[in-house]
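Me: I've got a protein model open and I'd like to talk it through, one question at a time. Can you help me read it?

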Amino acid sequence: AARARRPFRARSARSNAPRHMSLVRPRAALTPSLSATTTKSCRVRAPSGAVRPSGASSSRRAAVRARGAVKITPASDINWSALGFGLTPTSHMYVATCERDGEWHDGGVVPYDNLSLSPAAAVLNYGQGVFEGMKAFRTVDEELLVFRPEQNAARCEEGAGRMSMPPVPRELFQKAVLQTVSANRDYVPPVGMGALYLRPLLIGTGAILGLAPAPSYTFLVYCSPVASYFKGGQLTPIDLTVEEAYHRAAPGGSGSTKCIGNYSPVLKVQLQAKKEGFADVMYLDAKENKYVEEVSSCNFFCVKGKTISTPALQGTILPGITRKSIVELARSRGYTVEERNVSIDEVMQADECFCCGTAVVVAPVGSVTYQGKKALFCDGKVGPVGQEMYDQLTGIQQGRIPDERGWNVKVPNDYHLAK
């Protein structure tokens, strides 16, 4: 916490780039692919007297460089009605660096580009990294709003502590997010057609061989315009299957941290589930294998009458900002919200179920399949509670409903040009 409050010095991204990593270069200096630094580090020097590569080999190397180029689609060329949840690189990103002493250097907004780093970088070898997921929205008045950035800043700070990394000061985190949105203003979708998804990323980029914290770190924020996460469009009910053999997290582990290593292990089960026709997977607790924890990348709620239940945060579940917002909204609208152990048997008897998260927003659950039995909810349609929560949440995010709690932060015009 003490580190989090240390002031940061404003320096250029280039001057603060550690020797082991080339962060970004001005776009004019880029070749259409891997940078000169990256290409040079990957080249094997021929021994003295050896036959030099032919012209054909040089052509192949040029082709490899061309394939690695970062292609930026102008915002004016984007078909907003065809957006899904895929990566559309935007024009700019934000980069800052930090040495082991914990003092952050504010690098600022730079052109979007690939990173070049040592093969011995801690993030590549030991997975030392955390990330966040956030969204910015355009209003009918052409204002840009970021939803609850201080919550993400706090969670990133906690995650950094869990992963033995210097925390990003909260004021720097929020400044980075707002400046990234400002620099990519044209990429924020029109009202009602999506959002600008923001990905703050804190990684150990310093080179290290033995298991230990990295000697230096990089904090960056990139973004992409997105729409619905699941196929079929927003508010299309999804079918879930319950996993019993594999678990997402265990007591005493890192399940409550948004660290990079928590996500790829679910892919094995998720891919199999999709082959069987399911949209995603629901995971049970690792101790008793009977209490619901999370879906692969989102929190879970079930409804019985006027009571909404969601698994309690006990160290194995990610404390989602969307989850927290729905709990607060539901209570303010007269629902009883219980944060407790929720058994899978209880879920199978629920009136309604839905998932939530920054990416999925609110996703109604059409069915849950457990041990060969399938429970259908709301006749496979959107349930009334899920619809109400979605309308309230997105109404606030898009400025259509008064923001009485002060959740939104407005992005000043040309904020990325501010010192």
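What follows is a set of questions and answers about this predicted model.

Me: Let's start inside. Which element gives the most residues to the largest nonpolar core?

Reply: That core has 41 residues, and Trp104, Val181, Leu198 and Leu202 are the ones with the most contacts inside it. Among the elements that give it two or more residues are strand E2 (92-99), helix H5 (149-162), helix H6 (170-183) and strand E8 (195-204). The top contributor gives six residues, and that is H6.

Me: How many residues are in the other core, the one that lies apart from it?

Reply: Look for Phe230, Leu240, Val242 and Ala363, which are among its members. The count for this core is 25 residues.

Me: Now the largest pocket. Which element gives the most to its lining?

Reply: The pocket holds about 720 Å³ of space. Elements that each supply at least two lining residues include E8, helix H7 (267-275), helix H8 (321-332) and strand E16 (352-357). The one that gives the most supplies four residues, and that is E9.

Me: How many of the lining residues are charged?

Reply: The lining is made of 38 residues, and Phe85, Tyr197, Arg199, Tyr229 and Ala359 lie nearest the centre of the pocket. Sort the lining by type and you get 19 nonpolar and 13 polar residues. The charged ones number six.

Me: What about Arg148, which pairs with Glu328: is Arg148 buried or exposed?

Reply: The closest N and O atoms of this salt bridge are 3.7 Å apart. Glu328 lies in helix H8 and Arg148 in the loop between E7 and H5, so parts 180 residues apart in sequence are tied together. Glu328 counts as partly exposed, at 29% relative accessibility. Buried means under 20%, and Arg148 has 4%, so Arg148 is buried.

Me: Which helices does the salt bridge between Arg170 and Glu157 tie together?

Reply: Here the closest N and O atoms are 3.0 Å apart. Arg170 is partly exposed at 40% relative accessibility, whereas Glu157 is buried at 15%.

Me: Last one, on backbone angles. What is phi of Gln371 near?

Reply: Most residues other than glycine have a negative phi. Ser164, in the loop between H5 and H6, has a positive phi near 55°. Gln371 lies in the loop between strand E17 (361-370) and strand E18 (373-376), and counts as exposed at 56% relative accessibility. Phi of Gln371 is also positive, with a value near 50°.

Notes
Residues are numbered from 1 along each chain as its sequence is written. This is a predicted model: local features need pLDDT of at least 70, side-chain atom pairs count only at pLDDT 80 or more; totals for chains, interfaces and linings use all residues. Side-chain values use heavy atoms; hydrogens and water are left out. A nonpolar core is a set of buried Ala, Val, Leu, Ile, Met, Phe, Trp, Tyr and Cys residues joined through side-chain atoms within 4.5 Å. Buried means under 20% relative accessible area, exposed over 50%, partly exposed in between (1.4 Å probe, protein chains only). On a 1 Å grid over the protein atoms alone, a cavity is a set of points where a 1.4 Å probe fits but cannot get out, and a pocket is an open set with protein on both sides within 12 Å along at least five of seven lines; lining residues have an atom within 4 Å of a point. Grid points are joined across faces, edges and corners, and a volume is the space filled by probe spheres set on the points. Ala, Val, Leu, Ile, Met, Phe, Trp, Tyr, Cys and Pro count as nonpolar, Asp, Glu, Lys and Arg as charged, and the others, Gly among them, as polar. A salt bridge is a side-chain nitrogen of Lys or Arg within 4 Å of a carboxyl oxygen of Asp or Glu.
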